[in-house]
Amino acid sequence: MVSTRKNRKSGDEISLLGFGGMRFPLLPGTEEIDERQVAEMVELAIQNGVNYFDTAFPYHGGKSEVVLGRVLNDHPRDRYFLADKLPLWELKTPQDVDDMFELQLKKCGKAHFDYYLMHSLCVPTWDAAKRTDAYRVLERKKREGKIRNLGFSFHDRLPLLKEIVRACDWDFAQLQINYVDWVAIGAKEMYQCLADAGIPVAVMEPLRGGALVNLPKQAAEELERATPHATPASWGLRFAASLPNVMTVLSGMSSTEQVAENVRNLSDFAPLSSEENAMLDRIRILYQSASTIPCTGCRYCMPCPRGVNIPGNFTAYNIYRGSGNVNWVFLNAYFGLLTEQEFSSNCVSCGLCEKKCPQHIRIPHELKKVRMTAEKLKDGW
């Protein structure tokens, strides 16, 4: 059974493994969620003690809330905690906040949310939260019993986080934490800010969108030598779960095999030792030396008006860099998995994607890098 951790503010016993609804499996050749497979994954998760399920309005084009809510209807309401998020970029007035919240309850088929977040707070969305008086509206929903715990997810820098923490009485927060971003984006300082404020943390992107599963060769070999039977995914999950102010670690799982593996990784949980943390510091340096693009595959940048598959391009490039620049690895990933319309060469640098990227990636600039790599390697093949 998955280990649990008590939310110190609410008293909830929450599974250390949380089930994220952003990367559900799809029916072959479509963008439709494979609901039968999701039901099997959720059943397996709940049987093994997972009780925290997370979704959001934009996930799977708005379909994640519906599918997850319907699948969870097969289980007693007191067996799980459901988290959803308010898409502030869609809203202009306090009434919009009210209407959106009620729509999300309806989509999920629930009378209340156990955990509800203002989604992806950064400078523009925090401005939208203030403009729409979102906190006041959601506090009213909490008094009505429709929200049990009110929080926010965050994608910005420490000064803004401190402002948000001071502005409202939060029950929890969701933060991007993994052993690379612990240093790369200052997640260590942001985690400490929340810990000092007594705000429990739900971790997102513990594997950096899967990037920490496909490590550069030298990094993967060092982990293998340290613990031959542990997977790269287990190291990422254990790093996040070892932080004492973390109440759950979310994983966007796409198969029953991933559910089973993650259950194993966070059952009978033992925090990392100082020696293991030191090793992950070395792995982080090796990872960063590969010069990968810090895309987590969240798809907030999509759809591209020109049809470019932005995360697909970045995945191909990162696989190539992680392989030690083996040419055929990139060519297979780029020309084998992407259609001609999805190629980086179709980018016109309109900048729409860059405005929506929670990782603050200079997307047109990075797509140009991918395009130049593709052209160079194809010409030399």
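Me: How is a helix crossing read, and with which hand does helix H3 pass helix H5?

Reply: A crossing is left-handed if the near helix is turned anticlockwise from the far one by less than a right angle, and right-handed if clockwise. Here H3 passes H5 in a right-handed crossing. The model is predicted, so local features need pLDDT of at least 70 and side-chain atom pairs count only at pLDDT 80 or more, while totals for chains, interfaces and linings use all residues. Residues are numbered from 1 along each chain as its sequence is written, and side-chain values use heavy atoms, with hydrogens and water left out.

Me: At what angle do the axes of H3 and H5 cross?

Reply: Axes are lines fitted to C-alpha atoms, for helices over the stretch in contact, and angles run from 0 to 180 degrees between N-to-C directions. Helices (H or I, at least four residues) and strands (E, at least two) are DSSP runs, numbered from the N terminus. The axes of H3 (residues 94–108) and H5 (residues 134–143) cross at roughly 40° and come within 9 Å. The two helices are therefore oblique to each other (under 35 degrees is roughly parallel, over 145 roughly antiparallel, 65 to 115 roughly perpendicular, and the rest oblique).

Me: Which residues make the contact of H3 with H5?

Reply: Contact means heavy atoms within 4.5 Å. H3 contributes Pro94, Val97, Asp98, Phe101 and Glu102, and H5 contributes Ala134, Arg136, Val137, Leu138, Arg140 and Lys141.

Me: Are phenylalanine 101 and tyrosine 116 buried or exposed?

Reply: Buried means under 20% relative accessible area, exposed over 50%, and partly exposed in between (1.4 Å probe, protein chains only). Both phenylalanine 101 and tyrosine 116 are buried.

Me: How many residues of helix H10 are buried?

Reply: In H10 (residues 232–241), 9 of the 10 residues are buried, among them Trp235, Leu237 and Phe239. Glycine 210, in the loop between strand S9 (201–204) and helix H9 (217–226), is partly exposed, with a relative accessible area of 25%.
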